[in-house]
Amino acid sequence: MGRIFTPTENDFGKTDAVIIGGGIVGTSTAFWLSRAGLDVVLVEMRDGLSTLTTPASVECFRAQFTEPAMAALAIPSIEMFEHFDEVIGLPGYSISIKQQGYLFLTDNPQTVEDLKENVDQQHRLGVTDSEFLERDEILARFPFLSPSVLAATFRQRDGWLSCHETTQGFAKGCDARFFINTKAAGILTDAKGVCGVETNRGVLPTRTVVNAAGPFAAEVGRMVNLDLPLETVRRQKVYIKTSVKIPQDAPFTVDVNNNSYWRPEPGGVLVAWVDSDEPVSQPSENVHTDWEFPAVTLDKVRRLAPFFKEVERTVRQPDMTTSAGFYVYTPDDQPLIGSVPEVPGFFVNCGYWAGVMLSPEAGKRIADLVTGKMDSKDNPLRPTRYKEGLGKKGKTLMSH
Ligand SMILES: Cc1cc2nc3c(=O)[nH]c(=O)nc-3n(C[C@H](O)[C@H](O)[C@H](O)COP(=O)(O)OP(=O)(O)OC[C@H]3O[C@@H](n4cnc5c(N)ncnc54)[C@H](O)[C@@H]3O)c2cc1C
């Protein structure tokens, strides 16, 4: 059972691997490295695991990707979510998984063919249970949607879960130590590569460091003079408590024409939209929200889900809770996973705008790379891919 605690001087000794960052990505990485037999310490600067970007998410997962490398992470990750208690070895452990599907919707005739092509590509990538739906089928399955819809892609096994329980489960299911209130301030190197992590509480000698610092991953990269290609962009969401009847069996529903989305949540609904004009900004632990975000979002989601008109009419300010975090983008919108040749022993697991859903397999991949079970050349998400002339953007929906 992993231990989560604020360390004292005596806890600082030589260790096989140090992970920087205790969000869902770092904690999954700690789990898999510990399961591979390594003595692992994770350092988290805040006073608990999963307290920064991870809880700001809407906690959803999907296999509907069109890029091979993304599908290759998402498919096994969902299988792990489906059998999470077996994966972590704690029978009956619940992550409150709900597989109500992901529905990407359009009412624009010019987007219909794109959706159809996406499903064909998903099938080629092994996501054989995604469906292309036309208007009548959409309205038969989801009668609460607008009759103006034309087409959609849908996969029933996509859905959402509790990020808190998933992160805690990874921590509980392994023997790693999780040092909270412990900030990595520097990374020590010698002629062989990394040799330790300096924190505000002491030094951890180690030959393996994994940067899983979420929005602060570029800052941690600079500790070893690396300029990682990462950009942080603020994203917001709003939970609305409402007495209006929200279809609680609805899927996670996306309007692909205005990048807005919603899903049911007990007592109400979660709504958001991905603003492509939001600028890149400096990462921060205190991410501000815009006062008009709920109104702008409601205006967008009601286009294809007309019951939101009633939500909009009746909602009161105290019933809305807006929160924000950062998406971290890379040049091809796919994460950076793997070693960095310039600094032997330094690994990255960062660059996520969908880190919740990819975290299980991404953490496992780091463990496979560290232990030599996987060769870097077989890992398409290696950070060197841009220099190699690889790493092109795909057609995934919702990243911007
Ligand atoms: C509005 C919104 C909706 C989203 N919805 C989804 C979704 O439905 N599905 C999905 O998959 N993704 C979603 N995401 C993205 C997802 O939340 C992130 O990709 C994911 O949480 C990243 O996890 P992480 O562990 O990398 O980062 P974090 O959760 O930010 O964890 C990084 C940790 O590193 C710590 N840290 C940083 N620097 C240091 C240091 N020097 N020393 C010690 N600790 C340090 C931080 O304190 C932090 O706890 C959403 C994001 C937002 C903002």
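Strand 10 and strand 11 (residues 193-199) pair in the antiparallel sense over 6 bridges; two strands pair if DSSP finds at least two bridges between them. Helices (H or I, at least four residues) and strands (E, at least two) are DSSP runs, numbered from the N terminus. Residues are numbered from 1 along each chain as its sequence is written. The model is predicted: local features need pLDDT of at least 70, side-chain atom pairs count only at pLDDT 80 or more, and totals for chains, interfaces and linings use all residues.

Within this pairing, Ile187 stands opposite Val197 in strand 11. Both strands belong to an open sheet of 3 strands with the order 10-11-12 and antiparallel pairing.

Now to helix 1. Helix 1 (residues 24-35) has 12 residues and spans 16 Å from its first C-alpha to its last, close to the expected 16 Å, which is 1.5 Å times one less than its number of residues. 12 of the 12 residues of helix 1 are buried, so the helix is largely enclosed by the rest of the structure. A residue is buried if 20 or more other C-beta atoms, placed from the backbone, lie within 10 Å of its own. Among the buried residues are Phe31, Trp32 and Arg35. The packing partners of the buried residues include strand 2 (17-20), helix 6 (163-172) and helix 10 (355-370), with contact meaning C-beta atoms, placed from the backbone, within 7 Å. Just after helix 1, Gly37 takes a positive phi of about 100°.

Technical notes. Contact = placed C-beta atoms within 7 Å.
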